[in-house]
Amino acid sequence: MLSVQPKILESVRSAASAEDLYEHLQAAIELEHATIPPYLTSLFSIKPGMNTAAHSVIGSVVVQEMLHLTIACNILNAIGGSPVLDKPGFIPVYPGPLPMGVRSGLVVGLEKLSRTLVYEVFMSIEEPEQPLDIPVKQLEARLAALAPEPSPGFATIGDFYAAIAAKITELGNGIFTGDPSRQVVDPTWFPPDQLFAVHDVATATQAIQVIVEQGEGTPTSPEEEGEPAHYYRFAQLVYARMLVRDPTTATGWAYAGAGLGIDPAGVWNLLPNAKAADYPVGSRARYVADQFNGSYTNLLRALHTTFNGDPASLKSAMGLMSELHILGHTMAALPIDGTPYYASPTFEYTPA
Amino acid sequence: MSYLHPVRLAFAGLFQADMSTVNNDVRHYDNASFEPVFQDLQKGPSWNGWWNPNGSGAFRFVGCKVTAVWYGDGTSTSDPAEDPVVGMTITGADARTAGKLVDIDPQWQLASAPWGLKVRLTDGNGPDVFSGSYLPNAFRDLWFSRGPAKGGDGAASSTFQSVIEGLSWNAGVDSRFARELQATTTADALSIRMATFGYVDDITDPMFTLGTMIGCIGPYLEGEPTSFVRGRRFVPAGPFTSWNGMTYFSGHVDTASSTLLLDLSNAFAITDRMGTPNDIGDATIGILRDPMLTENMPVSSATFLAIADVPYKDPNWLARTGGVFATPLTAEQLQLAADHPLALVTKAPVNPGVTGDDLGTGLVAIREAADGLLIEAEPAVHRIDAPGTSSVAFIASRYGVPLANATVTLTQTGKVEGQGGGQTSGPNTPTAPIPDMGVPTEAFVFPPTTTTDDTGVAIVQIEGKDPGNPRGYIDGQVYLMDFRVEGMTNPTRQPFDFVVVHIRDAVEPNPNPTWDDVGPILTQYGNLYPLMDSQIVNLRDPVSVAANKDVLELVFNLDPSDSNYMPVTRDLSAGKRDLILRWLANVPDTVEAAAPRRAAAAQARPSPAAQLEQAGPAADGIHVDVDSKQVFADNFLRALRGGR
């Protein structure tokens with residue numbers, strides 16, 4: 001379960017003004033972003049035309065994390081803050097903990113796609129406060145044995161967002177002093193019921209609900225808007241079955257649909273947690289890694305501009321995402337001489 | 001004038017040109033005979049998709065640093081402590097995608113231009129000293145024998161000259177150079193010249209898709225050309241090179257400061273990728289007292305007034321100077337240079353092939369054009385949606401001074417056969433016929449002559465009528481226009497120096513296009529750009545296209561100057577673009593598969609890494625050099641010689 005330090009929640013709860021929430025919403029933006037490089041690395045590790053179901057599962061989660069980042073920025077802008085996305089520390093160090101002092105023990109890195117990675121890292125990131133106990137028909141017993149223990153003393157990310165929503169409600173509509181033109185609501189990329197302008201308590205709490213439910217589902221259903229929440233979506237890859245309705249189980253659901261596994265032969269053996277410095281100066285991997293990092297830094301700058309008064313810059317950001325996609329896949333197919341590995345993108349902030 | 005100005009900076013580093021090469025063979029545009037193997041890397045005797053089928057088209061500065069700056073008083077520094085601009089980076093966009101290097105057509109691959117390229121001077125931390133957008137001028141003065149490779153694109157070299165427009169300046173940088181540059185330049189633009197060589201097109205080389213870049217940036221002065229120096233043009237006597245291996249270059253006499261500036265960035269043959277020049281002896285720049293003295297002839301004090309030695313052999317000279325040599329002129333030199341040709345004279349211990357007696361004072365290595373004539377066209381590259389027009393300026397000068405009232409003769413090359421092909425035999429030879437270019441000539445209309453005005457400029461309207469799809473499987477037609485000013489000799493213009501025009505077929509408006517209308521257009525792009533096909537959207541599949549309609553509508557609606565514009569090749573007519581946009585607007589997000597899904601064969605294509613493993617001379621010992629520009633140029637020159 002993705003947990004945050006209790007003192008962060010205390011700080012949110014004791015906030016006396018909108019300004020007191022700025023740092024917490026900024027942290028939320030950084031947390032939402034922090035999940036994207038690990039997910040993207042696993043995506044880039046998929047060989048062309050292989051593991052298509054896994055590709056679409058992870059890709060769909062990445063897109064929603066981008067939505068969550070956008071929503072968090074909209075909320076911060078709505079209450080008069082200014083998101084910062086183009087600073088050196090914005091990208092966390094991988095491997096390492098996620099921002100907000102998330103539960104110790106969860107180390108998030110940049111690795112090739114594997115069942116272990118999805119189970120131990122991705123599902124931990126996305127784990128709801130109380131996961132529904134959905135049976136895996138063939139693996140029911142094993143699933144129960146593997147269920148992670150709750151972590152006493154820690155608050156969940158769900159608690160964090162609930163505390164933000166509660167505080168915004170308490171502070172009231174008066175804190176929505178932000179310039180409405182800073183809201184990013186392009187319906188081209190996200191439907192209006194998911195991405196909308198935040199301008200009062202009602203829209204802010206509704207926006208927070210989108211983040212929480214897409215990530216975690218609801219306490220009674222693994223689904224949100226007809227799609228499994230992230231945790232259950234990832235679980236399909238671990239249990240190698242689509243999540244389907246099944247009236248014979250207690251929850252009404254089971255991992256018993258069509259096959260949805262990961263074929264390791266369709267995954268490049270990426271160098272885990274690579275840094276550009278791991279690739280010799282003058283090597284092709286280094287050139288492409290530098291380009292990737294430059295392009296990723298450009299993306300953060302384009303997003304920073306987008307969320308600081310120029311929503312039209314989202315078009316530039318979209319172009320950069322395509323460029324990164326190309327560079328990421330180019331890297332992953334580059335063998336590293338003298339090793340069994342292929343080059344992995346490194347997601348380092350490198351302005352030039 | 002331009003970057004050949006006392007106020008300028010030099011930079012050096014690498015560039016990337018990640019060219020997609022499937023479109024290097026025009027026959028690959030034929031959807032009907034397209035084979036999946038044309039998307040694969042070259043292998044053995046099969047050229048397939050040539051040397052970089054997965055290229056993205058990206059054009060990037062890589063590690064380019066300012067090596068020195070020069071000031072208006074003629075002084076300079078290469079010490080960052082003296083001027084913080086020294087050591088800063090010249091780079092591309094900071095919040096958008098890389099620029100793209102674009103050819104106008106597979107049947108004219110000798111006018112590549114960067115589109116959507118931003119240029120920034122930055123220390124990487126603070127705000128940019130300046131930034132702006134490169135006006136997409138194509139390269140000039142391309143030659144294939146510069147080295148260090150034995151031939152092909154690895155031995156090629158060229159210069160990109162243009163302006164950086166829409167500038168933003170940061171006044172906060174305490175740099176004398178930045179202040180002088182900003183104060184000198186006009187029209188919200190700067191002049192830039194990039195010399196590019198040492199390109200690596202071998203996928204097994206770590207430097208794959210990279211080459212060396214030597215750059216110069218200076219002021220742009222209102223009214224001057226953006227794509228060439230309207231100054232003193234040095235021309236070799238033979239096609240491309242002089243007797244001792246130098247090619248075309250430009251100079252400029254700055255009368256205000258009595259300075260001669262020469263751009264030698266592309267002039268000398270080289271012995272390594274970083275541009276170490278081939279030693280052709282000690283070089284002296286000067287003025288020919290005898291204007292009839294030709295290349296490879298000995299000079300004497302009676303026929304040649306020496307100005308200065310050119311230290312081109314000094315270590316790292318190219319990178320340190322940006323290839324620009326500047327020297328003060330005496331009053332006598334300034335006066336003589338006003339109506340006499342300049343010449344570079346070399347002295348070498350051995351001068352093979354000397355045509356006259358070496359008098360001990362050197363031989364003319366290369367000299368200014370006969371009668372100091374210069375004529376260039378701008379813009380030199382035109383894209384016309386038929387029926388439509390464009391206009392081109394012919395700019396003439398003599399010894400750097402506008403040539404008024406000169407008659408410029410304009411002719412079409414007419415039909416040119418066999419351009420833009422490739423492999424001619426063996427497995428996987430494309431079967432489509434190679435269309436003729438330049439016909440029908442009636443579709444390309446312009447006056448046979450024009451006359452320059454008082455400023456030495458003649459502006460000509462060119463008209464493109466509907467060529468009527470003369471090439472069949474590829475849109476429109478490509479035309480070349482030859483231009484000559486009276487009195488000029490053959491080498492005055494560089495052999496690839498034409499006005500090149502792509503006239504696109506007229507398109508019947510259609511408010512309700514179907515996949516039958518747009519499918520062939522998109523399929524062609526899908527075939528030619530495997531990267532797009534495999535990683536973004538399968539353009540051959542209406543289901544995939546419909547599923548990506550939002551992003552496609554975005555990119556098809558951008559301005560061509562935007563780095564995200566689609567198609568990267570910028571060869572889609574407005575009429576066809578309109579068909580695509582209308583189809584996208586009408587289609588639901590998911591359409592029933594009206595056409596077969598992506599072919600299984602395409603899915604099973606070997607991965608890039610698998611291709612890498614198969615590639616290279618070691619793989620099978622029958623490696624063929626598939627060099628795009630070289631192959632294209634050889635073809636063209638053969639046709640040109642054969643036709644005349």
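**Figure 1. Trp50(B), a buried residue with a positive phi.** In this predicted model, Trp50(B) is buried, because 26 other C-beta atoms lie within 10 Å and 20 or more are enough to count. Its phi is near 65°, a positive value in a residue other than glycine. To find Trp50(B), follow chain B into the loop between β1 (8-17) and β2 (58-70).

**Figure 2. Asn469(B), a partly exposed residue with a positive phi.** Here is another residue that is not a glycine and yet has a positive phi, about 55° for Asn469(B). Asn469(B) belongs to the loop of chain B between β28 (457-464) and β29 (477-485). With 15 C-beta neighbours inside 10 Å, Asn469(B) counts as partly exposed.

Figure 3. The bond from Glu378(B) to Pro379(B) is cis, with omega near -10°. Pro379(B) sits in the loop that runs between β21 (373-378) and β22 of chain B. A cis bond also leads from Met566(B) to Pro567(B), this time with omega near 0°. For Pro567(B), look in the loop between α7 (549-556) and α8 (574-586) of chain B.

**Figure 4. The five-stranded open sheet of chain B.** Reading across the sheet, the strands come in the order β22-β30-β29-β25-β27 (chain B), and their pairing is mixed. At the edges are β22 (381-385) and β27 (449-451) of chain B, each of which pairs on one side only. From one strand to the next, the twist averages 25°.

Figure 5. Strand β11 (residues 189-197) of chain B is mostly covered, with nine of its nine residues buried. Ala189(B), Ser191(B), Arg193(B), Ala195(B) and Phe197(B) point one way, while Leu190(B), Ile192(B), Met194(B) and Thr196(B) point the other way, and all are buried. Nine bridges link β11(B) with strand β10 (residues 157-169) of chain B in the antiparallel sense. With strand β12 (residues 210-219) of chain B, β11(B) also runs antiparallel, joined by eight bridges. Phe197(B) makes a handy landmark for both pairings: Phe197(B) is the bridge partner of Ser157(B), and Phe197(B) stands opposite Thr212(B) in β12(B).

**Figure 6. Packing of helices α7(A) and α8(A).** Helix α7 (residues 157-171) and helix α8 (residues 201-216) of chain A pack at an angle of about 175°, and their axes are 9 Å apart. An angle over 145 degrees counts as roughly antiparallel, so α7(A) and α8(A) are roughly antiparallel to each other. On the α7(A) side, the residues that meet the partner helix are Gly158(A), Tyr161(A), Ile164(A), Ala165(A), Ile168(A) and Thr169(A). The α8(A) side brings Val201(A), Ala204(A), Thr205(A), Ile208(A), Ile211(A), Val212(A) and Glu216(A). By class, this helix contact has nine nonpolar, three polar and one charged residues.

**Figure 7. The largest nonpolar core and Phe394(B).** The largest nonpolar core has 290 residues. Those with the most contacts inside this core are Ile75(A), Met331(A), Ala343(A), Val85(B), Ile375(B), Phe394(B) and Val500(B). Helix α4 (residues 52-78) of chain A gives the largest share of the core, twelve residues. Zooming in on Phe394(B), and leaving aside neighbours within four places in sequence, its contacts are Ile375(B), Ala377(B), Val408(B), Thr450(B), Thr452(B), Val457(B), Ala458(B), Val460(B) and Phe483(B).

**Figure 8. The contact of chain A with chain B.** Chain A and chain B put 29 residues each into this contact. On the side of chain A that touches chain B, α10 (284-306) and α11 (314-332) of chain A each supply at least two residues. The largest share of that side, ten residues, comes from α11(A). Sorted by class, the side of chain A that touches chain B has eleven nonpolar, 13 polar and five charged residues.

Definitions and conventions: Residues numbered from 1 in each chain as written. Chains lettered and ligands numbered in written order. Predicted model: local features only at pLDDT ≥ 70, side-chain atom pairs only at ≥ 80, totals over all residues. Contact = placed C-beta atoms within 7 Å. Helix = DSSP H or I, 4+ residues; strand = E, 2+ residues; numbered from the N terminus. Nonpolar A, V, L, I, M, F, W, Y, C, P; charged D, E, K, R; others polar. Buried ≥ 20, exposed ≤ 12 C-beta atoms within 10 Å, placed from the backbone. Pairing = 2+ DSSP bridges. Axes fitted to C-alpha atoms, helices over the stretch in contact; angles between N-to-C directions. Parallel < 35°, antiparallel > 145°, perpendicular 65-115°, else oblique. Core = buried A, V, L, I, M, F, W, Y, C linked by C-beta atoms within 7 Å.
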